[in-house]
Amino acid sequence: MAIRKAVKGTAAVASGGLVAFYGLTQLTEYRKRQARLSRVEAVEQVNMAFQDELPSRQAQLTALRATQEFDVLVVGGGATGSGCALDAVTRDLKTALVERDDFSSGTSSRSTKLIHGGVRYLQKAIVKLDYEQYMMVKEALHERSNLLNIAPHLTALLPIMLPIYKWWQLPYYWAGIKIYDLVAGAQCLKSSYILTKTKALELFPMLKRDKLVGAIVYYDGQHNDARMNLAIALTAARYGAAIANYTEVVHLLKRVDPQMGKERVCGARCRDVITGQEFDVRAKCVINATGPFTDALRKMDDQKNPNICQPSAGVHIVIPGYYSPDNMGLLDPATSDGRVIFFLPWEKMTIAGTTDTPTEITPHPIPMEEDINFILTEVRNYLSPDVEVRRGDVLAAWSGIRPLVTNPNSKDTQSICRNHIVHISDSGLVTIAGGKWTTYRSMAEDTLDAAVKAHNLSAGPSKTVGLMLEGAKDWTPTMYIRLVQDYGLEVEVAQHLASSYGGRAYEVAKMAHVTGKRWPIVGKRLVSEFPYIESEVQYAIKEYACTAIDVIARRTRLGFLNVQAAEEALPRIVDIMGKQLTWSELRQGGSGDTIPPDREELSAAKQFLYYEMGYKARSEQLTDTSEITLTPAEVGRYMKRFHKFDKENKGFITTVDVQRVLESINVYIDADTLHEILNEVDLNKNGQVEFNEFLQLMSAVKKGQVSANRLAILMKTAEQSLDQTEKPVSVDRSGGGV
């Protein structure tokens, strides 16, 4: 009753302002709706050739070299650049795209994985009566709806809970969320609703119950960002765009316009990063869609161009799935420093983030320990004290650079632009910058509209509203059942393939090898606890994967989910890729030495996991300088456990000592695995685990800095078995934490 009265009171007070604010946009919205309807009709008229078989990367490079002149050359293979290529090619423009790394290798693969309008932006729009910000939210909500429709296999609705701990906040946040629904209009995914304390705890049992008043649940979308980016790029390729990853721009090509007497950008000198070969790509229009690296290309055009990008780092962490319900996210609207933290289920794990701190522009951002700990602290504030949030449970962590921009078209060039900007330089370089993942399509549309006008290109309106992306055709929510029945795949694997590849999942299944087991019949997993299978590596090469990093980070998401599992899968991934790509020739290393390509690939991928996916931060949780904070009683208990393995009182144990104890209790672990287990704790890398190192391990476990350590669990269960003369359960690798 109290909840209802509070809500009704606030609704009465706010209704007048809400109606007035909402009414301001009705005429504009009516006109936009008519325009959208005409664009949807235009989509049905896309009668371009659609290639069922993707051209190889080599064929794409040949097209880039051989084409006399493209209409449009897009530089940058992130979400926005790929969106520009798709928009251009479906307007029947001859289109090229080059990316110096892999598609989605930058910010586009390191997002919060949400497709959303922006609840916090709407709050600011209402409080400050900011019409521009309101329209930005409205545009994002339209794009949210479109993205859910054009890639149903890669997207899903996600209910997000806003826990309320003060009575006055309930009507305040309820009114704001209801406005969010209202702004979405007919494109509202599902209506938001209020939960009592009891119901909130039933749906989110990990939630802190002390002082909890109730909760509000609203809906947004969620997606697999890297594969979504790839789907956009591949769709452009199927419509005829010449796209190539690992192709960097060395410098821009220019010629003097005879009519204007000015230099105009007319293409780019490009280099194939893999072979080192250089070639020219000529185009009537060049689009700069390089995200955080916007200024680098602008300065290629004119060294005098001022910087417009103000980069901000956003760190996310991944922790085990048991930290959140399978289908309910959490929003912390006001953290200790005023930021917003999302706590979301993703790929059967839990993702938490993000931070927002100024940073330097780098192609290899590294998650910092202080940001990881900030997120963990905020998560602890909302979870029950019964749930111990441990640093050791962080399975992966990454940092993405958000390219905030100032508007060079504005008189006030110092203020951050809330929306995206499209700028055309004196030489004709078209720059698209800013914006957000959700609005990539409308950003691309605005960019091509400006490019067509500025360069007098012969093209009609955008046709990408409602245009289905790679894999959407032939996908149904139940297609995974056919994959199980027709190919003999595990249910979990089939569900994963369907949600990652859509209708193309059948092609991946056809490549899968027979396991030799009764079940599953086909589909050998890369690692036991994740549904990624070996045939995905083969298919990744068809999707232009060139390195092992491409596979673990963007074709699959293993590196983003669990760095230890990714490291375990690497040798097999490199082996499969080496055979497919005929890595038989030696490559030249940085020191001038020749390096076997498989070893080079392994080394590069491990470096990626170590620095960019948080493995380094994990390793720093347990070092030979780690402080031991154990009580005398705990030290005595662990000394007793250690001596069960160190029978000769040497002060250290080796694989031989551990193997002897395990065999006495009928547990058998192969020598390589045993060496790997001890190596995790061998801090000074002398081939043995000393008693002090064991104490450092147990102290780190006590503090939550390390979790699921194999040696700690193995020695504990072995001790219990020796004491009770019972056979223990064999210990497998659990995945550990980062």
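Which residues does the UniProt annotation "domain: EF-hand" cover? And for the close look: which strands pair with strand 6, and is strand 6 buried or exposed?

Modeller: Keep in mind that this is a predicted model. The record first. The UniProt annotation "domain: EF-hand", from an unreviewed entry, covers residues 633-668 and 669-704. Residues 633-668 are 58% helix and 6% strand, with end C-alpha atoms 31 Å apart. Residues 669-704 are also 58% helix and 6% strand. Their end C-alpha atoms lie 27 Å apart.

Now strand 6. It spans residues 214-223. Ten of its ten residues are buried, that is, under 20% relative accessible area. In a regular strand the side chains alternate between the two faces of the sheet. Here both faces are covered. One side carries Gly214, Ile216, Tyr218, Asp220 and Gln222. The other carries Ala215, Val217, Tyr219, Gly221 and His223.

Next, the partners. Strand 4, residues 155-164, pairs with strand 6 over ten bridges, in the antiparallel sense. Within that pairing, Ala156 has Gln222 as its bridge partner. Strand 5, residues 193-196, is also antiparallel to strand 6, with four bridges. There, Ile194 stands opposite Ile216. Strand 3, residues 114-115, joins strand 6 through two bridges, again antiparallel. Ile115 stands opposite Gly221.

Terms used:
Residues numbered from 1 in each chain as written. Predicted model: local features only at pLDDT ≥ 70, side-chain atom pairs only at ≥ 80, totals over all residues. Heavy atoms only, no water. UniProt positions renumbered as here; feature names shortened; annotations may be inferred. Buried < 20%, exposed > 50% of the residue type's maximum accessible area, 1.4 Å probe, protein only. Pairing = 2+ DSSP bridges.
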